[in-house]
Amino acid sequence: MILYFIVNPSAKNEKCKKTWKKIERTLRHHHIRYHVVFTKAQGDGTKLAQQIAEHTHEPFILIAVGGDGTMHEVMNGIAMYDHVTVGYIPAGTGNDFARGIKLSITWRKALSQMLSSVEGMHVDSYDIGAFKSAKQGVFVNNVGCGFDAHISRKVNASKWKQILNRLYLGKFVYVFYLLKEMFLYKPTVIQLTVDQKQYTFSNAWLVTVANHPYYGGGMKIAPFAQSNDQHLDVVVVDNISRLKLLALFVTVFWGGHIKMKEVHTFRGKYIHICSNTSLPLHADGEQIGEGEITISANKQIRVLK
């Protein structure tokens, strides 16, 4: 069997390029047949994954090497195909997909797990969420709207992100914008529909629709979410003071925020979110525009675990 790899050499400020060379040495040492392609620009992961799926008619294994953005692109390329089994070697900054499937977040251990899974064909079903807004596609980790998407947009546009990432201080840019924007961002009215039940929140800061517990590099935003139950978990933060919001972003690392009365949780297969303002949106940390959004859990894919 040939293993197919899509590698994002730019992940983690181009550290993924060196990681791939080490992975490649391991593959050759074990005499494993493989084919590798590299992304060069945003969106390449989707195009390359789709091309491989279209030209490979027998069941095959496709392993993404990079960060959550790489995994997001690869899944958007192969979601419509049924003859693909997906693997992942974390070599990015957040690596929440790895946490979501209980895979090591260190590339060396993850590679060992992948190779063992290939040998024994240890495969599990994994939910894929679909979204439709200004853009449409699928997501593997979560979709967010409101304050967290606003912070994500600010961070990704910041010149300091790349500089601090090179110094292994990337999370400080998130902290900076979190503290800065907390006093500038204005919460809004949100109408939420979960499986035909409607809810209105008058002072909502954010809504996150999660496929598994983790986002933002290890924060347990939805502690009880399961990636193979064919449902999505919804977390709404509403009518909270700015000081308490800061405490929320501390307790979210262990899931303690869900005990706060300002945090509301739901679970469903069909979710619709709209507002009286143009809410910023993200899927797996990638910007997907503004406005209302429809989200559903209606497909599963095979993943190596």
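Where in the chain is the place of Asp 195?

1. **Asp 195.** Asp 195 sits in the loop between β8 and β9. This is a predicted model, and the backbone here deserves a look. Phi of Asp 195 is near 50 degrees, a positive value in a residue other than glycine. The residue has a relative accessible area of 35%, so Asp 195 is partly exposed.

2. **Lys 12.** A second residue with positive phi is Lys 12, where the angle is near 55 degrees. Lys 12, too, is a residue other than glycine. Its place is in helix α1. Relative accessibility stands at 37%, so Lys 12 counts as partly exposed.

3. **Lys 22.** Helix α1 covers residues 11-29 and also holds Lys 22. At 36% relative accessibility, Lys 22 counts as partly exposed. Setting aside residues up to four places away in sequence, Lys 22 touches Trp 107 and Arg 108. Phe 176 is another matter: 34 Å separate Lys 22 from Phe 176, C-alpha to C-alpha. In sequence, those two are 154 residues apart.

4. **Aromatic pairs: Tyr 4 and Phe 60.** The structure holds 13 aromatic pairs. One of them joins Tyr 4 and Phe 60, with ring centres 5.5 Å apart. Their planes stand at 75 degrees, so the pair is edge-to-face. Tyr 4 belongs to strand β1 (residues 3-7), while Phe 60 belongs to strand β3 (residues 60-66). The two positions are 56 residues apart in sequence, so the pair ties together separate parts of the chain. Both Tyr 4 and Phe 60 are buried.

5. **Aromatic pairs: Tyr 185 and Trp 205.** The ring centres of Tyr 185 and Trp 205 lie 5.8 Å apart. Here the planes are at 35 degrees, so the pair is tilted. Tyr 185 is in the loop between α8 (171-182) and β8 (188-194). Trp 205 is in strand β9 (residues 197-210). The pair links distant parts of the chain, 20 residues apart. The cut-off for buried is under 20%.

6. **Aromatic cluster.** Four residues form one aromatic cluster: Phe 5, Trp 20, Tyr 34 and Phe 38.

7. **Overall fold.** The chain has nine helices and 17 strands. Its radius of gyration is 19 Å, close to the 19 Å that the globule rule gives for 305 residues, so the chain is as compact as a globular protein of that length. The C-alpha trace spans about 60 × 45 × 30 Å along its principal axes.

8. **Packing and contacts.** What share of the 305 residues is buried? Buried residues make up 55%. Among contacts with a separation of 6 or more, 71% come from residues 24 or more positions apart.

9. **Surface and charge.** The chain exposes about 14,500 Å². Carbon and sulfur atoms supply 54% of that area. On the charge side, there are 36 positive and 23 negative charges. Their mean positions are 8 Å apart.

Notes
Residues numbered from 1 in each chain as written. Predicted model: local features only at pLDDT ≥ 70, side-chain atom pairs only at ≥ 80, totals over all residues. Heavy atoms only, no water. Phe/Tyr/Trp six-rings, centres within 6.5 Å; stacked < 30°, edge-to-face > 60°. Helix = DSSP H or I, 4+ residues; strand = E, 2+ residues; numbered from the N terminus. Buried < 20%, exposed > 50% of the residue type's maximum accessible area, 1.4 Å probe, protein only. Rg over C-alpha atoms; globule rule 2.2 N^0.38 Å. Contact = heavy atoms within 4.5 Å. Areas by Shrake-Rupley, 256 points an atom, 1.4 Å probe, with all protein chains shown as cover. Lys, Arg positive; Asp, Glu negative; His and termini not counted. Charge placed at Lys NZ, Arg CZ, Asp CG, Glu CD.
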